[in-house]
Every structure is written in structure tokens, then in C-alpha cells.
Amino acid sequence: KGSGVRRFTPFWFSVEPTDTLAVRSSPAVLNCSAQSDSLARVEWKKDGTFLNLASDDRRQLLADGSLLITSVVHSKHNKPDEGVYQCVASVDTLGTISSRTARLSVAGLP
């Protein structure tokens, strides 16, 4: 039946994103960090859709898995950064885990 004992490998989020209030034209960071014996690949979703960070000049993945928005964009008709974000971490041999969701809101300036 089984040729060996399967060892439990811990895989969890040590830091999950929290609701964040950002300021227009300023940077914002959504924190996320996954822990595992193996290297975890971290990706981000916004409003349920994976972000393509490779082609995004304002959003970047930091070394710890956090998401940096270098300059928050927000106007009456254009609110590309406001929304619900989620961190998704994957380890090939273990699977995928998803963080809690966090809402990024932009403060209204007079």
C-alpha cells in the first residue's frame, strides 16, 4: 500500500495582508509572508483576478512576498488600485494556500 511514511511539511502564512488606507500618489504596501521548508512562490490577486506583476510598472513583489504599489493612482473616474487583495502562496510539492483578503482604500483628499 504505502512504501514509506509521509512526513508532514509545515506551510503557512507568518504574515497576512490587512485592510489598508492609502494616500493618492504615495506608496502603499500590503504585507504577506509564507513559511515553508521549500521555497514558496507568492502571487497576488486583486478582486479575484491574479495580477500580472511582470508587466506592471507601479506594482512589484517584494522579497518577503509583500506587494508594493509605488504610487497609488486614484481619481474620480480611475481607481485601479482600490479593491480587495489576496496573497496566494504555492509550493510545488505541497500545493497552494490563500491568505485572508484585505481591502485597499484610498483616502479622499480635499
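So, Asp81 and Arg58 form a salt bridge, with their closest N and O atoms 2.8 Å apart; by salt bridge I mean a side-chain nitrogen of Lys or Arg within 4 Å of a carboxyl oxygen of Asp or Glu. This pair links distant parts of the chain, 23 residues apart: Asp81 sits in the loop between E8 and E9, and Arg58 in the loop between strand E6 (49-50) and strand E7 (59-61). Strands here are DSSP runs of at least two residues, numbered from the N terminus.

A quick word on what we're looking at. This is a predicted model, where local features need pLDDT of at least 70 and side-chain atom pairs count only at pLDDT 80 or more, while totals for chains, interfaces and linings use all residues. Residues are numbered from 1 along each chain as its sequence is written, and side-chain values use heavy atoms, leaving out hydrogens and water.

Back to Asp81. Arg59 also forms a salt bridge with Asp81, at 3.0 Å between the closest N and O atoms. Arg59 lies in strand E7 and Asp81 in that E8 to E9 loop, so this pair ties together parts 22 residues apart in sequence. Then there's Asp56, whose side chain meets that of Arg59 in a salt bridge, 3.1 Å from N to O.

Which residues end up in one network through shared partners? Asp56, Arg58, Arg59 and Asp81.

And are Asp81 and Arg58 buried or exposed? Both are buried, meaning under 20% relative accessible area with a 1.4 Å probe, protein chains only. Asp81 comes out at 0%, and Arg59 counts as buried too, at 8%.

Notes:
Buried < 20%, exposed > 50% of the residue type's maximum accessible area, 1.4 Å probe, protein only. Helix = DSSP H or I, 4+ residues; strand = E, 2+ residues; numbered from the N terminus.
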